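We will take a short walk, one selection at a time.

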Amino acid sequence: MDVMELTAGPSWQAVDFISDLHLQAIEPATFDAWRGYMQTTPADAVFLLGDLFEVWVGDDVLQEHGFEQQCAQILEQTAARVPTFFMHGNRDFLVGSSLMGACNTTLLHDPTVLSFNHQRWMLSHGDALCLDDTAYMAFRQQVRSADWQQAFLTKPLAERQAIARGLREQSEARKKSGAEYADVCAQAARLLLLQADATTLIHGHTHKPATHDLGNGLQRVVLSDWDAAAKPPRLEVMRLSNAGFKRIPLV
């Protein structure tokens, strides 16, 4: 697996990681919480590690004066204040250079090693490491191919949005059925860390925030998903500083 390298800015004292916000117009409370966080975070850099959006069907959606454009404005405003980084998730892998350029946000390869505070931190969305979900892995390989994406993006916007709605409905039906979702493969996580000479993997995707000991001084730290309407609300930021990790609830 190819790994990108990123070195923290010399003045960085704290960096924030969030993922799996699944922003969509029908959930305004989560959007409002994200907007408030992005406008006020004291971190020196913000890393959005995938599934910022519930769905992204192509950057041309920005031509419509709607929800996606509001999100883009917030990204742009934040990036004007602090370096902002985005990594594809399994819901928003079609975010492209047009959105990133318009928002002055840096698109990160998955995975990326961040050198910060004299340590190497492995960043990933996490879905590529859920190897036991063979059906999803086959789907992921298909939709991440250049040919599939080119064919999909040539479809009319309304058709792409309809396809996305159908996929969301299938996903919701699976959740309601109580189906189990595969977790990150520990062996794959260990191998990735060893190959990159890193000790900690930071990822989202699974919606199971925790810290897992992988043995031999290796660990993986799982970010929380966001849902302001949940009881209790799930709105958590992971902040990394010289003092180590700190989970920061926003409510």
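Keep in mind that this is a predicted model. Start by selecting Ala14. Opposite Ala14 stands Ser241, in strand β11. Now widen the selection to both strands. β2 covers residues 14-18 and β11 covers residues 236-241. The two run antiparallel, and four bridges join them.

**The sheet**

Next, show the whole sheet. It is open and has six strands, in the order β5-β4-β3-β2-β11-β12. The pairing is mixed. Which strands sit at the edges? They are β5 (106-108) and β12 (244-249), and each pairs on one side only. Look along the sheet: on average, neighbouring strands are turned by 25° against each other, direction ignored.

**The cores**

Stay with the side chains. In general, nonpolar side chains of soluble globular proteins tend to be buried together. Here the largest nonpolar core has 38 residues. Select Trp34, Leu48, Leu52, Leu99 and Trp226, which touch the most other members. Which elements give two or more residues to this core? They are α1, β3, α2 (67-79), α3 (97-103) and α6.

Zoom in on Trp34. Leaving aside neighbours within four places in sequence, its contacts include Ile18, Leu21, Leu23, Cys71, Ile74 and Leu75. Leu48, Leu52 and Trp226 are also in contact with Trp34.

**Helix α6**

Last stop: select residues 157-176, helix α6. How far apart should its ends be? At 1.5 Å a residue, its 20 residues should span 28 Å. The end C-alpha atoms are 29 Å apart, which agrees.

Colour Leu157, Arg160, Ala164 and Ser171: these residues of α6 are buried. They cover an arc of only 60° around the axis, so they lie on the same side of α6. What do the buried residues of α6 pack against? Show α5 (146-153), their packing partner.

Now turn to the other side of α6. There Ala158, Glu169, Gln170 and Lys176 are exposed. Finish at Gly178, which follows α6 and has a positive phi, near 80°.

Methods:
Residues are numbered from 1 along each chain as its sequence is written. This is a predicted model: local features need pLDDT of at least 70, side-chain atom pairs count only at pLDDT 80 or more; totals for chains, interfaces and linings use all residues. Side-chain values use heavy atoms; hydrogens and water are left out. The expected span of a helix is 1.5 Å times one less than its number of residues. Buried means under 20% relative accessible area, exposed over 50%, partly exposed in between (1.4 Å probe, protein chains only). The arc is that of the directions from the helix axis to the C-beta atoms. Contact means heavy atoms within 4.5 Å. Two strands pair if DSSP finds at least two bridges between them. Axes are lines fitted to C-alpha atoms, for helices over the stretch in contact, and angles run from 0 to 180 degrees between N-to-C directions. A nonpolar core is a set of buried Ala, Val, Leu, Ile, Met, Phe, Trp, Tyr and Cys residues joined through side-chain atoms within 4.5 Å.
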